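Reader: Could you walk me through the annotated binding-site residues here, with the cut-offs spelled out as we go?

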Amino acid sequence: MTGKVVLYTDGACKGNPGPGGWGVVLSYGSASKKLHGGEANTTNNRMELMAAIRGLKALKRPCEVELYTDSQYVRKGITEWMHGWKRNGWKTSAKKPVKNEDLWRELDSEVSRHKVNWHWVKGHSGNAGNELADELANRGVEELANA
């Protein structure tokens, strides 16, 4: 594995469901990269997942990653709930289908290529990386509106 990469990820949605966006701030040493995008009809949780997926997909080779998200849904889903979902055939403990299974599977695949340490940060609390990821996610929504 190469050196340590820091990812800040965030999702945004105007209406839930509604137009949404995702944003990523990727840092490696003194280099950084910003990514964003959006979808016309989605949910906030899907955009939070998409941000983490797109950030990890942007890495060209296996890395040690410090991934920061303000989404407990994403952090707990990948670190606590996913093992049970897989064991239960992608069903929750209530025997219902896992919401956003397609994106959870994609995130699981991306995570398997790296050593990811998951961190939760409080959203809109002045954390510079999280604030920038939030701006990028909102840019993804705005670009949809202006397209």
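Author: What follows is a short exchange on the annotated positions and their surroundings. This is a predicted model, in which local features need pLDDT of at least 70, side-chain atom pairs count only at pLDDT 80 or more, and totals for chains, interfaces and linings use all residues. Residues are numbered from 1 along each chain as its sequence is written, and side-chain values use heavy atoms, with hydrogens and water left out.

Reader: Which residues does UniProt list for "binding site" along with Glu 48?

Author: The unreviewed UniProt entry lists Asp 10 and Asp 70 with Glu 48; although these are spread over 61 residues of sequence, the largest C-alpha distance is 8.7 Å. Positions are in the numbering used here, feature names are shortened, and annotations may be inferred rather than shown by experiment.

Reader: Is Glu 48 buried or exposed?

Author: Glu 48 counts as buried at 5% relative accessibility, where buried means under 20% relative accessible area, exposed over 50% and partly exposed in between, with a 1.4 Å probe and protein chains only.

Reader: And how is Asp 70 on that score, buried or exposed?

Author: Asp 70 is buried too, with a relative accessible area of 18%.

Reader: What does Asp 134 touch, leaving out residues up to four places away in sequence?

Author: Asp 134 touches Asp 10 and His 124 on that count, a contact being heavy atoms within 4.5 Å.

Reader: Which residues does the other "binding site" annotation cover?

Author: That UniProt annotation, also from an unreviewed entry, covers Asp 10 and Asp 134; they span 125 residues in sequence, yet their C-alpha atoms are not more than 5.5 Å apart, so they gather at one spot.
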